[in-house]
Amino acid sequence: MAKRKRPIILRCPVTAEERNLIEQKMAQLHTKRIGAYLRKMAIDGYIIYVDTRDIKEMNKLLSAIGRNINQIAKRVNAGGPTYQADMEEIRERLDQIWQLQRRILLSQR
């Protein structure tokens with residue numbers, strides 16, 4: 001093998017769908033050399049990291065509210081009483097959700 005300018009070979013298996021997506025992106029840049037494109041993207045491309053912890057927390061709180069509402073509805077439909085404590089818990093969780101939403105919106109500015 002002749003002396004190569006780039007002697008180290010990296011391999012990355014892809015599916016047919018992934019290959020198609022890569023080729024579509026290459027076409028947007030009007031390039032036909034996949035090696036040059038992949039090398040350029042690996043070195044100069046950038047990664048966008050989005051912190052979704054607040055959104056996950058909000059989803060967890062929404063799920064808890066949904067469970068509470070289902071339990072209350074089941075009890076009421078069975079002829080049982082509603083409890084003020086249940087309503088207060090739902091209000092507390094809703095307040096937490098509103099606070100998280102505000103924090104998420106402010107962080108996006």
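User: Thanks! Is K5 buried or exposed?
Analyst: K5 counts as exposed, because its relative accessibility is 76% and the cut-off for exposed is over 50%. Keep in mind that this is a predicted model.

User: Where does K5 lie?
Analyst: You'll find K5 in the segment before α1, the helix that spans 16–28.

User: And which residues form the positive surface patch?
Analyst: K5 is one of them, together with R6, R33 and R39.

User: Switching topic: what makes up the nonpolar surface patch?
Analyst: Y46, I48 and V50 make that patch, which covers about 400 Å². Y46 sits in the loop between α2 (34–44) and α3 (53–77), and Y46 is exposed at 69% relative accessible area.

User: Nice. How many salt bridges are there in the whole structure?
Analyst: A search of the whole structure turns up seven. One of them joins the side chains of K40 and D44, at 2.4 Å from N to O.

User: How many residues apart are K40 and D44 in helix α2?
Analyst: They are four residues apart, so about one helical turn separates K40 and D44. D44 itself is partly exposed, with a relative accessible area of 46%.

User: What does R93 pair with?
Analyst: R93 forms a salt bridge with E89, and their closest N and O atoms are 2.9 Å apart. These two are also four residues apart, in helix α4 (residues 84–107). Both count as partly exposed, R93 at 23% relative accessibility and E89 at 29%.

Terms used:
Residues numbered from 1 in each chain as written. Predicted model: local features only at pLDDT ≥ 70, side-chain atom pairs only at ≥ 80, totals over all residues. Heavy atoms only, no water. Patch = residues over 30% accessible without salt bridge, like charges linked within 9 Å, V, L, I, M, F, W, Y side chains within 5 Å. Areas by Shrake-Rupley, 256 points an atom, 1.4 Å probe, with all protein chains shown as cover. Salt bridge = Lys/Arg side-chain N within 4 Å of Asp/Glu carboxyl O. Lys, Arg positive; Asp, Glu negative; His and termini not counted. Charge placed at Lys NZ, Arg CZ, Asp CG, Glu CD. Buried < 20%, exposed > 50% of the residue type's maximum accessible area, 1.4 Å probe, protein only.
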